[in-house]
Amino acid sequence: RAGGPEAAARDARYAALDRAAERYGASAVLLGHTRDDQAETVLLGLARGSGTRSLSGMPAQTGRYRRPFLELDRSTTRQACAVLDLPVWDDPHNSDPAYARSRVRHEVLPVLEKHLGGGVVDALARTARLFRDDADALDAWAARAEAHATHPDGLDVPALADLPPAVRRRVLRRAALAAGCPGGDLFARHLEAMDLLVTGYRGQGPVHLPGGILLRRQGKRLTFRQP
């Protein structure tokens, strides 16, 4: 389905963990992501031209999910397992070059470490932390701006136009998600087209968004129409 086998496998894993957590009444689920995984996530976000939120990598906590090893490198966790005689299972997909993350892990990062010197993984993980602080602040600003710009008959265009682009596009994305757009299919090109209805309106027609959602401008209001 949409997103490919990697996304489908990730969804299946989290669904299984959710079921197990509910069955055992778990208050937390600990995941084994390391600093290396964080660096890979940032590089993948850069390659895809993603925004600040994507470049901020994986959070240390999302709901019941915790990532206690984000500050440790992968070799340290492997050494710990060897010392404690813990069995380790390696997912064969992690070494399959057909998948982007595997290529980043085995080809891209080693080249960067070789030619840029050691510490690339640490630097990328540190970048993720900095981006996360920025993304959290911008998201909080966007939430307040959305509340101010939202009216029963749509989003107020003058209020949106007064916002910095980074905040305005977050407001538009939040509104599109609330209207029913699937987040995984909402890309930068959609946000740019939505933004033009505010900053570059010349009477153009509605913007077609994922999920069959239409965004149109009527006077000083932006309205979403569901299929």
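This report covers the sheets, helix packing and selected residues of a predicted model.

Five strands form an open sheet in the order 4-5-8-7-6, with antiparallel pairing. Strand 4 (150–151) and strand 6 (207–209) are the edge strands, and each pairs on one side only.

Which strands does strand 8 (221–225) pair with? Strand 5 (154–156) is one partner: 2 bridges join strand 5 to strand 8, and the two run antiparallel. In this pair, D156 has R221 of strand 8 as its bridge partner. Strand 7 also pairs with strand 8, over 5 bridges and in the antiparallel sense. Here Q218 stands opposite R221 of strand 8.

Strand 7 and strand 8 form a hairpin with 2 residues between the strands. G219 of this hairpin takes a positive phi near 65 degrees.

H208 has L214 of strand 7 as its bridge partner.

Helix 8 (residues 165–179) lies across strand 5, strand 6, strand 7 and strand 8. Helix 8 runs at about 30 degrees to strand 8. Helix 9 (residues 188–199) lies across strand 6, strand 7 and strand 8. Its angle to strand 6 is about 150 degrees.

Strand 1 and strand 3 (residues 65–66) run parallel and are joined by 2 bridges. L30 has R66 of strand 3 as its bridge partner.

## Helix 2 against helix 6

How are helix 2 and helix 6 oriented to each other? Helix 2 (residues 35–47) packs against helix 6 (residues 120–149) at an angle of about 70 degrees. The axes are 8 Å apart. The two helices are therefore roughly perpendicular to each other.

Helix 2 contributes R35, D36, Q38, A39, V42 and L43 to the contact. Helix 6 contributes V121, D122, L124, A125 and A128. By class, the contact residues divide into 7 nonpolar, 1 polar and 3 charged.

## Residues in detail

| Residue | Relative accessible area | Class |
|---|---|---|
| S56 | 0% | buried |
| R170 | 15% | buried |
| D96 | 29% | partly exposed |
| D85 | 67% | exposed |

**S56.** This residue lies in the loop between helix 3 (52–55) and strand 2. S56 is buried, with a relative accessible area of 0%. What does S56 touch beyond four places away in sequence? Its contacts there are Q38, A128, F131 and R132. Q38 and A128 are also among the residues of the helix 2 and helix 6 contact. A polar atom of the S56 side chain lies 2.5 Å from the backbone oxygen of R53.

**R170.** Helix 8 holds this residue. R170 counts as buried at 15% relative accessibility, because buried means under 20%. Its side chain has a polar atom 3.3 Å from the backbone oxygen of A166. Leaving aside neighbours within four places in sequence, R170 is in contact with T52, R53, A135, L138, D139 and A142.

**D85 and D96.** Both sit in the loop between helix 4 (74–83) and helix 5 (100–116). D85 is exposed, with a relative accessible area of 67%. What is the phi of D85? The value is near 60 degrees, which is positive in a residue other than glycine. Most residues other than glycine have a negative phi.

D96 counts as partly exposed at 29% relative accessibility. D96 and G154 are 58 residues apart along the chain. Their C-alpha atoms are separated by 48 Å.

Key
Residues numbered from 1 in each chain as written. Predicted model: local features only at pLDDT ≥ 70, side-chain atom pairs only at ≥ 80, totals over all residues. Heavy atoms only, no water. Axes fitted to C-alpha atoms, helices over the stretch in contact; angles between N-to-C directions. Helix = DSSP H or I, 4+ residues; strand = E, 2+ residues; numbered from the N terminus. Parallel < 35°, antiparallel > 145°, perpendicular 65-115°, else oblique. Contact = heavy atoms within 4.5 Å. Nonpolar A, V, L, I, M, F, W, Y, C, P; charged D, E, K, R; others polar. Pairing = 2+ DSSP bridges. Buried < 20%, exposed > 50% of the residue type's maximum accessible area, 1.4 Å probe, protein only. Polar contact = N/O pair within 3.5 Å; in protein donor to acceptor, adjacent residues only side chain to side chain.
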